[in-house]
Amino acid sequence: MSLLSVRNVVAGYGAAPILNGVDISLEQGEIGVIVGPNGAGKSTTLKAIFGLLRVSSGTITFDGHDITNRPTESLSALRMAFVPQEQNVFKTLSVHENLEMGAYVRRDDVSGLLDRVYDIFPPLKAKRNQPAGELSGGQRQMVAVGRALMIDPKLILLDEPTAGLSPLFMSEIFDRILAINATGVTVAMVEQNARQALGIAHKGYVLASGRNRFTDSGAALLADPEVAKSFLGG
Ligand SMILES: Nc1ncnc2c1ncn2[C@@H]1O[C@H](COP(=O)(O)OP(=O)(O)OP(=O)(O)O)[C@@H](O)[C@H]1O
Ligand SMILES: [Mg+2]
(Lines give C-alpha, C1' and ligand atoms only; values in the text may rest on other atoms or scores of the structure.)
(Ligands and ions follow the chains in the order given, each with its own letter.)
Protein backbone atom coordinates (compact mmCIF):
# COMPACT_ATOMS: atom_id res chain seq x y z
CA MET A 1 0.00 0.00 0.00
CA SER A 2 1.22 3.51 -0.79
CA LEU A 3 2.43 5.61 2.14
CA LEU A 4 0.41 8.58 0.85
CA SER A 5 -2.54 8.38 -1.45
CA VAL A 6 -4.58 11.40 -2.53
CA ARG A 7 -7.51 10.25 -4.62
CA ASN A 8 -9.70 12.58 -6.67
CA VAL A 9 -9.64 15.26 -3.99
CA VAL A 10 -11.96 18.24 -4.30
CA ALA A 11 -11.36 21.00 -1.76
CA GLY A 12 -11.40 24.75 -1.33
CA TYR A 13 -11.62 27.64 1.09
CA GLY A 14 -15.23 28.61 0.50
CA ALA A 15 -18.09 27.59 -1.74
CA ALA A 16 -16.07 27.27 -4.95
CA PRO A 17 -13.55 24.43 -5.03
CA ILE A 18 -9.89 25.20 -5.73
CA LEU A 19 -8.89 21.56 -6.12
CA ASN A 20 -11.04 19.83 -8.71
CA GLY A 21 -9.84 16.24 -8.41
CA VAL A 22 -6.17 15.90 -7.46
CA ASP A 23 -4.40 12.53 -7.42
CA ILE A 24 -1.06 11.87 -5.76
CA SER A 25 0.47 8.58 -4.77
CA LEU A 26 3.80 8.14 -3.00
CA GLU A 27 5.45 4.94 -1.90
CA GLN A 28 7.54 4.89 1.23
CA GLY A 29 10.98 6.39 0.48
CA GLU A 30 9.96 8.36 -2.60
CA ILE A 31 10.30 12.05 -3.42
CA GLY A 32 7.20 13.52 -5.06
CA VAL A 33 7.37 16.98 -6.63
CA ILE A 34 4.39 19.17 -7.43
CA VAL A 35 4.89 21.95 -9.96
CA GLY A 36 2.58 24.20 -11.93
CA PRO A 37 1.69 27.84 -12.53
CA ASN A 38 0.83 30.36 -9.81
CA GLY A 39 -2.59 29.70 -8.38
CA ALA A 40 -2.70 26.11 -9.68
CA GLY A 41 -3.51 24.76 -6.23
CA LYS A 42 -0.09 23.42 -5.24
CA SER A 43 -0.06 24.90 -1.72
CA THR A 44 -3.74 24.08 -1.36
CA THR A 45 -2.94 20.43 -2.09
CA LEU A 46 -0.39 20.29 0.74
CA LYS A 47 -2.81 22.07 3.07
CA ALA A 48 -5.59 19.60 2.21
CA ILE A 49 -3.27 16.68 3.01
CA PHE A 50 -2.32 18.30 6.32
CA GLY A 51 -5.92 18.90 7.38
CA LEU A 52 -5.78 22.67 7.03
CA LEU A 53 -8.82 22.97 4.81
CA ARG A 54 -11.95 20.97 4.24
CA VAL A 55 -12.00 18.20 1.66
CA SER A 56 -15.48 17.98 0.15
CA SER A 57 -14.94 14.77 -1.82
CA GLY A 58 -12.22 12.25 -2.53
CA THR A 59 -10.00 10.46 -0.02
CA ILE A 60 -6.57 10.87 1.49
CA THR A 61 -4.86 7.91 3.11
CA PHE A 62 -1.55 7.92 4.97
CA ASP A 63 0.32 4.92 6.33
CA GLY A 64 -2.80 2.77 6.33
CA HIS A 65 -5.13 5.38 7.87
CA ASP A 66 -7.91 7.29 6.19
CA ILE A 67 -6.93 10.84 7.14
CA THR A 68 -9.47 12.72 5.03
CA ASN A 69 -10.51 15.76 7.10
CA ARG A 70 -8.57 14.54 10.13
CA PRO A 71 -7.40 17.38 12.36
CA THR A 72 -3.83 18.54 11.86
CA GLU A 73 -2.78 17.69 15.46
CA SER A 74 -3.53 14.02 14.92
CA LEU A 75 -1.30 13.94 11.83
CA SER A 76 1.85 14.77 13.81
CA ALA A 77 1.17 11.71 15.93
CA LEU A 78 1.01 9.66 12.70
CA ARG A 79 4.42 11.17 11.84
CA MET A 80 3.51 13.58 9.08
CA ALA A 81 5.25 17.00 9.14
CA PHE A 82 4.54 20.17 7.17
CA VAL A 83 6.88 23.08 6.44
CA PRO A 84 4.86 26.03 5.14
CA GLN A 85 6.46 28.52 2.81
CA GLU A 86 6.19 31.54 5.10
CA GLN A 87 6.73 32.28 8.78
CA ASN A 88 8.08 28.88 9.52
CA VAL A 89 10.61 29.73 12.26
CA PHE A 90 10.45 31.53 15.62
CA LYS A 91 12.82 34.40 14.91
CA THR A 92 13.54 35.41 18.51
CA LEU A 93 14.27 31.85 19.65
CA SER A 94 17.67 30.30 19.13
CA VAL A 95 18.24 27.64 16.49
CA HIS A 96 18.38 25.04 19.24
CA GLU A 97 15.14 26.23 20.85
CA ASN A 98 13.40 26.16 17.46
CA LEU A 99 14.46 22.56 17.01
CA GLU A 100 13.35 21.61 20.53
CA MET A 101 9.94 23.19 19.86
CA GLY A 102 9.61 20.85 16.88
CA ALA A 103 9.71 17.85 19.20
CA TYR A 104 6.69 18.97 21.22
CA VAL A 105 4.67 15.90 20.38
CA ARG A 106 7.40 13.55 21.52
CA ARG A 107 7.81 12.57 25.14
CA ASP A 108 10.95 10.49 24.89
CA ASP A 109 14.58 11.53 24.57
CA VAL A 110 15.07 13.69 21.50
CA SER A 111 18.87 13.92 21.50
CA GLY A 112 19.17 11.35 18.70
CA LEU A 113 16.81 13.39 16.55
CA LEU A 114 18.75 16.57 17.29
CA ASP A 115 21.98 14.83 16.29
CA ARG A 116 20.40 13.78 13.01
CA VAL A 117 19.30 17.35 12.25
CA TYR A 118 22.76 18.72 13.04
CA ASP A 119 24.31 15.98 10.88
CA ILE A 120 22.11 16.92 7.94
CA PHE A 121 22.56 20.69 8.49
CA PRO A 122 26.07 21.27 9.93
CA PRO A 123 25.74 25.11 9.74
CA LEU A 124 22.94 24.90 12.30
CA LYS A 125 25.17 23.20 14.83
CA ALA A 126 27.67 26.04 14.61
CA LYS A 127 24.88 28.59 15.10
CA ARG A 128 22.81 26.64 17.57
CA ASN A 129 22.69 29.44 20.16
CA GLN A 130 21.96 32.30 17.73
CA PRO A 131 18.46 33.68 17.29
CA ALA A 132 16.98 32.15 14.12
CA GLY A 133 16.04 35.65 12.93
CA GLU A 134 19.75 36.49 12.55
CA LEU A 135 20.43 33.67 10.10
CA SER A 136 20.50 33.92 6.31
CA GLY A 137 17.37 32.96 4.38
CA GLY A 138 18.86 29.61 3.42
CA GLN A 139 19.83 28.80 6.99
CA ARG A 140 16.41 29.84 8.30
CA GLN A 141 14.93 27.40 5.81
CA MET A 142 17.24 24.73 7.26
CA VAL A 143 15.86 25.52 10.72
CA ALA A 144 12.28 25.17 9.45
CA VAL A 145 13.00 21.82 7.83
CA GLY A 146 15.06 20.71 10.84
CA ARG A 147 12.20 21.57 13.16
CA ALA A 148 9.86 19.38 11.08
CA LEU A 149 12.36 16.51 11.32
CA MET A 150 12.12 16.62 15.11
CA ILE A 151 8.86 14.65 15.05
CA ASP A 152 10.78 11.88 13.23
CA PRO A 153 8.38 12.06 10.29
CA LYS A 154 7.64 9.29 7.83
CA LEU A 155 6.46 11.98 5.41
CA ILE A 156 7.54 15.60 5.20
CA LEU A 157 5.49 18.13 3.19
CA LEU A 158 7.60 21.04 1.92
CA ASP A 159 6.08 24.15 0.33
CA GLU A 160 8.68 25.88 -1.85
CA PRO A 161 11.71 25.22 0.34
CA THR A 162 13.98 27.19 -2.01
CA ALA A 163 11.76 30.27 -2.46
CA GLY A 164 13.78 33.47 -2.48
CA LEU A 165 17.15 31.72 -2.18
CA SER A 166 20.21 32.37 -4.32
CA PRO A 167 21.15 29.59 -6.80
CA LEU A 168 23.93 28.44 -4.48
CA PHE A 169 21.64 28.04 -1.48
CA MET A 170 19.00 26.51 -3.72
CA SER A 171 21.33 23.69 -4.76
CA GLU A 172 22.36 23.27 -1.13
CA ILE A 173 18.74 22.83 -0.03
CA PHE A 174 18.01 20.31 -2.82
CA ASP A 175 21.11 18.45 -1.72
CA ARG A 176 19.91 18.40 1.89
CA ILE A 177 16.47 17.17 0.80
CA LEU A 178 18.20 14.24 -0.88
CA ALA A 179 20.12 13.62 2.35
CA ILE A 180 16.88 13.62 4.35
CA ASN A 181 15.29 11.26 1.85
CA ALA A 182 18.33 8.98 2.14
CA THR A 183 17.49 8.51 5.84
CA GLY A 184 14.17 6.98 4.75
CA VAL A 185 11.88 10.02 4.95
CA THR A 186 9.31 10.27 2.15
CA VAL A 187 9.11 13.79 0.70
CA ALA A 188 6.20 15.65 -0.95
CA MET A 189 7.44 19.00 -2.18
CA VAL A 190 6.01 21.96 -4.06
CA GLU A 191 8.61 23.86 -6.09
CA GLN A 192 8.89 26.82 -8.45
CA ASN A 193 12.34 25.69 -9.56
CA ALA A 194 10.63 23.00 -11.54
CA ARG A 195 13.52 21.62 -13.56
CA GLN A 196 15.83 21.16 -10.60
CA ALA A 197 13.07 19.75 -8.43
CA LEU A 198 11.84 17.28 -11.06
CA GLY A 199 15.47 16.25 -11.43
CA ILE A 200 15.37 14.70 -7.95
CA ALA A 201 11.75 13.47 -8.12
CA HIS A 202 10.70 9.83 -8.28
CA LYS A 203 7.20 11.08 -9.06
CA GLY A 204 6.24 14.39 -10.63
CA TYR A 205 2.90 16.15 -10.80
CA VAL A 206 2.11 19.14 -12.98
CA LEU A 207 -1.02 20.77 -11.58
CA ALA A 208 -3.09 23.32 -13.47
CA SER A 209 -6.45 24.75 -12.39
CA GLY A 210 -6.63 22.39 -9.44
CA ARG A 211 -6.16 19.21 -11.50
CA ASN A 212 -3.37 16.86 -12.50
CA ARG A 213 -2.30 17.99 -15.92
CA PHE A 214 0.68 15.63 -16.25
CA THR A 215 1.64 12.78 -13.90
CA ASP A 216 4.77 10.70 -14.43
CA SER A 217 8.27 10.09 -13.12
CA GLY A 218 10.33 13.26 -12.71
CA ALA A 219 12.62 12.13 -15.53
CA ALA A 220 9.72 11.43 -17.92
CA LEU A 221 8.16 14.84 -17.26
CA LEU A 222 11.51 16.55 -17.90
CA ALA A 223 11.79 14.66 -21.20
CA ASP A 224 8.24 15.50 -22.33
CA PRO A 225 8.35 18.35 -24.89
CA GLU A 226 4.81 19.40 -24.08
CA VAL A 227 5.58 19.75 -20.38
CA ALA A 228 8.76 21.64 -21.21
CA LYS A 229 6.99 24.02 -23.58
CA SER A 230 4.01 24.80 -21.35
CA PHE A 231 5.43 24.56 -17.84
CA LEU A 232 9.22 24.65 -17.83
CA GLY A 233 9.85 27.66 -20.01
CA GLY A 234 10.71 25.74 -23.20
N1 LIG B 1 -6.79 31.22 2.28
C2 LIG B 1 -7.37 31.33 1.07
N3 LIG B 1 -8.64 31.72 0.93
C4 LIG B 1 -9.23 31.82 -0.27
N5 LIG B 1 -8.62 31.50 -1.43
C6 LIG B 1 -7.34 31.12 -1.37
C7 LIG B 1 -6.65 30.99 -0.12
N8 LIG B 1 -5.39 30.56 -0.37
C9 LIG B 1 -5.31 30.43 -1.71
N10 LIG B 1 -6.47 30.75 -2.31
C11 LIG B 1 -6.75 30.68 -3.75
O12 LIG B 1 -6.63 29.34 -4.17
C13 LIG B 1 -6.02 29.26 -5.46
C14 LIG B 1 -4.85 28.33 -5.40
O15 LIG B 1 -3.89 28.85 -4.49
P16 LIG B 1 -2.59 28.09 -4.06
O17 LIG B 1 -1.97 28.90 -2.99
O18 LIG B 1 -2.89 26.67 -3.78
O19 LIG B 1 -1.74 28.16 -5.40
P20 LIG B 1 -0.26 27.72 -5.69
O21 LIG B 1 -0.32 26.73 -6.81
O22 LIG B 1 0.40 27.30 -4.44
O23 LIG B 1 0.35 29.07 -6.27
P24 LIG B 1 1.77 29.81 -6.02
O25 LIG B 1 2.69 29.24 -7.05
O26 LIG B 1 1.45 31.24 -6.27
O27 LIG B 1 2.22 29.53 -4.61
C28 LIG B 1 -5.67 30.69 -5.84
O29 LIG B 1 -6.67 31.16 -6.72
C30 LIG B 1 -5.70 31.45 -4.54
O31 LIG B 1 -6.10 32.77 -4.74
MG1 LIG C 1 1.88 28.10 -3.27
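Which ligand 1 atom does a polar side-chain atom of Tyr13 lie 3.5 Å from? It's a nitrogen atom of ligand 1.

A note on the numbers: this is a predicted model, where local features need pLDDT of at least 70, side-chain atom pairs count only at pLDDT 80 or more, and totals for chains, interfaces and linings use all residues. Side-chain values use heavy atoms, leaving out hydrogens and water.

Here are the polar contacts (pairs of N or O atoms within 3.5 Å):

| Residue | Protein atom | Atom of ligand 1 | Distance |
|---|---|---|---|
| Tyr13 | polar side-chain atom | nitrogen | 3.5 Å |
| Ala40 | backbone N or O atom | oxygen | 3.1 Å |
| Gln192 | polar side-chain atom | oxygen | 3.0 Å |

Taken alone, ligand 1 exposes 640 Å², and the protein buries 58% of that (Shrake-Rupley areas with a 1.4 Å probe). The residues around ligand 1 (a heavy atom within 4 Å) include Ile18, Pro37, Lys42, Ser43, Thr44 and Glu160. By class, that shell has four nonpolar, six polar and two charged residues, with Gly counted as polar.

Now for a helix pair. Helix α3 (residues 95-102) packs against helix α6 (residues 137-149) at about 30 degrees, with the axes 7 Å apart. Helices here are DSSP runs of H or I, at least four residues long; axes are lines fitted to C-alpha atoms over the stretch in contact, with angles running from 0 to 180 degrees between N-to-C directions. The contact (heavy atoms within 4.5 Å) involves Val95, Asn98, Leu99, Met101 and Gly102 of α3, plus Val143, Gly146 and Arg147 of α6. By class, that's four nonpolar, three polar and one charged residues.

Note on methods. Residues numbered from 1 in each chain as written. Chains lettered and ligands numbered in written order. Helix = DSSP H or I, 4+ residues; strand = E, 2+ residues; numbered from the N terminus. Polar contact = N/O pair within 3.5 Å; in protein donor to acceptor, adjacent residues only side chain to side chain.
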